[in-house]
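Here are my notebook entries from a first look around.

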Amino acid sequence: MINKLLTQSYYGNTLLQYIIAAAILVISFFAIRLTKYFVSKHVVRINAAEEKALKFKLYNINKHLIPFLYLGAIYLCIESLTIPKNIEKIISNTFIIITTWYIIRFASQVVKYILSGFIDKSDNESDKKKIKALTSLFNVIVYVLGLLFLLNNLGVNITAIVAGLGIGGIAVALAAQAVLGDLFSYFVIFFDRPFEIGDSITVDTKVGTVEKIGIKSTKIRSLTGELIIISNSNLTNARVHNFKALKKRRAAFNIGVKYETKLEQLKAIPGLVENIISSCEKAEFDRCSLNNFGDFSLNFEVVFFYDSPDYKEYMNAQTGINFAIIEEFEKQKIEFAYPTQTLFLNKGEVVN
């Protein structure tokens with residue numbers, strides 16, 4: 001009697017098939033609820049340092065993964081039954097559309113999460129606006145790719161569409177090759193951050209402060225006041241010196257004294273220079289060496305390090321050191337050399 005009841009057909013399916021479908025649905029729903037419960041219990045134990053990542057995970061689990069799992073459970077339940085072909089096709093297409101939508105939304109959230117990390121790191125409002133614009137651009141790309149994926153799964157031949165987009169893309173790329181090169185270079189500068197607005201940089205022989213980083217070009221205010229505009233592609237291919245990243249500046253200069261300077265005075269010069277530099281705040285003495293015999297002078301090379309990237313501050317310190325050296329040399333009666341020429345006559349008389 002029970003076997004006959006179970007094998008009785010209703011609307012194309014036996015009672016046993018309906019029971020199996022219902023069991024699949026109930027077990028799937030229970031497993032999903034259980035998974036959600038254990039995930040929530042695990043999430044509570046995550047520390048505050050992972051709060052942002054935690055919010056991202058919770059949002060996507062609740063908004064994308066859990067509904068998608070419920071949808072999959074319903075689809076499996078329906079697929080276990082025998083249904084008319086036209087209804088099965090409608091259900092299959094509906095499942096594909098909803099699945100694609102969840103994938104697109106998840107990909108969009110991933111892009112937003114990654115780019116929001118750059119927003120959190122930046123204190124510049126201009127950079128934040130640019131990142132938001134980039135987020136919109138990447139979202140458009142994600143939706144376009146998702147639409148093509150959907151059309152392909154619905155049986156639409158997208159080969160002609162992709163070919164048309166490819167030909168159009170090639171034409172646009174050839175027509176705007178320089179602009180696209182600058183645009184990609186802008187992305188390189190934006191993400192790699194070799195320099196930022198306000199940094200003092202040297203590009204080839206040009207020195208200045210970065211005022212604006214645009215999509216096509218970067219504007220640099222030179223030391224002499226004029227505005228230098230360099231395309232981003234040229235900038236990324238050039239050798240850039242960023243002085244803001246400079247932690248300790250190395251300074252080297254020469255001191256030339258007369259050949260008539262006594263040996264005791266020459267030996268005293270390294271110690272005098274060391275005392276002067278060591279007394280300067282942020283200056284670290286390295287060496288003072290008699291490095292060569294010049295045409296008209298004995299040349300000492302002085303090297304020290306200055307613990308500040310600020311060029312103006314460094315130059316003020318260098319000026320103070322130079323004045324102190326001049327003052328100390330006057331006290332020690334050590335004379336600086338200047339270009340001279342000595343002629344020796346046949347009679348032995350010397351003329352300067």
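Which residues of the largest nonpolar core touch the most other members? I kept in mind that this is a predicted model. Of the 25 residues in that core, I found that I255, V257, I269, V273, I277, F304 and I321 touch the most other members.

Next I looked up where the core comes from. The elements giving two or more residues to this core are β8 (249–257), α9 (263–278), β9 (283–293), β10 (298–306) and α10 (311–331). I noted that α9 gives the most, with six residues.

I then picked out I255 and listed its contacts beyond four places in sequence. I255 touches V273, L298, N299, F300, V302, I325, F329 and F336. I also came across a second, separate core of 13 residues, which includes Y186, I189, I220 and L235.

Then I turned to α10. This helix has 21 residues and reaches 30 Å from its first C-alpha to its last, close to the 30 Å expected. I listed its buried residues as Y314, A317, Q318, I321, I325, E328 and F329. Seen down the axis of α10, they fall within an arc of 105°, so they line one face of the helix. What covers them includes β8, α9 and β10. On the other side of α10, I found K312, N316, F323, E330 and K331 exposed. After α10 comes K333, whose phi is positive, near 60°.

My last stop was D204, in the loop between β3 (200–203) and β4 (206–213). Is D204 buried or exposed? I read a relative accessible area of 58%, so D204 is exposed. Leaving out residues up to four places away in sequence, D204 touches A238 and R239.

Definitions and conventions. Residues numbered from 1 in each chain as written. Predicted model: local features only at pLDDT ≥ 70, side-chain atom pairs only at ≥ 80, totals over all residues. Heavy atoms only, no water. Helix = DSSP H or I, 4+ residues; strand = E, 2+ residues; numbered from the N terminus. Buried < 20%, exposed > 50% of the residue type's maximum accessible area, 1.4 Å probe, protein only. Contact = heavy atoms within 4.5 Å. Core = buried A, V, L, I, M, F, W, Y, C linked by side-chain atoms within 4.5 Å. Expected span 1.5 Å × (residues − 1). Arc of directions from axis to C-beta.
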